[in-house]
Amino acid sequence: MKKIASFTIDHNKLECGIYVSRVDGDITTYDMRHRRPNMGDYIDNETMHSLEHMFATYIRNSEISDDVIYYGPMGCQTGFYLLVRNADNTKVLEVVKKVLCGIIDHEGEIFGKSAVECGHYENLDITLAKAEARRYLDVLNSKENDFIYP
C-alpha cells in the first residue's frame, strides 16, 4: 500500500513550526506543529478543542477566509492542519500570526461554547486557548519560517 506523504517525514527530527505538508492542485496543506513529536509533551484534548474553536472562527473571518478549506487537530496531539486554496506562504504566515494575536487578546467566552453549537461544549476553556496561542506564536516569532520539512 502506498504511504501517505506525512508518514515519509522523520518525526524524530521535526521541530515546532509551520511547514507545507503537501500541495494538491490549488490547495496547500500546512502542518502547524506546536509540539515536537514523540517527546512526551502533547496537547491535551481540552486545550486542542479550545484552540480549534477559536482559531477556526478567527481564520474563517480573516482576509483569507474565502480560501480556507479546513483547520483541525492532528490525531497525534502535536499540532493542527490548515488547508488553504491559492495559498501564498508569506500571507498565510502573516494571517496565522494575526489570528493567534486575536485569540490572545480575545475578550469573552470561546466561540461556539454551547450545547447547541458544540458536541462537547463543557470541554472548552478560553485560558487554555490563549496559552496555547501564545506558545505557538512565540515559536513562529522565534525562527525563520521557510515552510520546508527538515
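Visitor: In this predicted model, is Asp-24 buried, partly exposed or exposed?
Guide: The relative accessible area of Asp-24 is 37%. Buried requires under 20% and exposed over 50%, so a residue with 37%, as Asp-24 has, falls in between. Asp-24 is therefore partly exposed.

Visitor: Which residue forms a salt bridge with Asp-24?
Guide: The criterion is a side-chain nitrogen of Lys or Arg within 4 Å of a carboxyl oxygen of Asp or Glu. For Asp-24, the closest N and O atoms of the pair are 2.7 Å apart.

Visitor: Where do Glu-94 and Lys-91 lie?
Guide: The side chains of Glu-94 and Lys-91 meet in a salt bridge, with 3.3 Å from N to O. Glu-94 counts as partly exposed at 34% relative accessibility, and Lys-91 is partly exposed with a relative accessible area of 31%. The two are 3 residues apart, about one turn of the helix, and both lie in helix H2 (residues 89-105).

Visitor: How many residues apart are Lys-98 and Glu-94?
Guide: Lys-98 forms a salt bridge with Glu-94, the closest N and O atoms being 3.3 Å apart. Lys-98 is partly exposed, its relative accessible area being 45%. Both residues lie in helix H2, about one turn of the helix from each other, a spacing of 4 residues.

Visitor: Is Asp-31 buried or exposed?
Guide: Asp-31 is found in strand E2 (residues 27-33). Its contacts, not counting residues up to four places away in sequence, include Leu-14, Ile-18, Met-74, Phe-80 and Tyr-149. The relative accessibility of Asp-31 is 1%, and the limit for this class is under 20%. Asp-31 therefore counts as buried.

Visitor: Which side chain does a polar contact of 2.7 Å join to that of Asp-31?
Guide: A polar contact requires a pair of N or O atoms within 3.5 Å. The contact of Asp-31 is 2.7 Å, and the side chain it reaches is that of Arg-33.

Terms used: Residues are numbered from 1 along each chain as its sequence is written. This is a predicted model: local features need pLDDT of at least 70, side-chain atom pairs count only at pLDDT 80 or more; totals for chains, interfaces and linings use all residues. Side-chain values use heavy atoms; hydrogens and water are left out. Buried means under 20% relative accessible area, exposed over 50%, partly exposed in between (1.4 Å probe, protein chains only). A polar contact is a pair of N or O atoms within 3.5 Å; within protein, one must be able to donate a hydrogen and the other to accept it, and residues adjacent in sequence count only if both atoms are side-chain atoms. Contact means heavy atoms within 4.5 Å.
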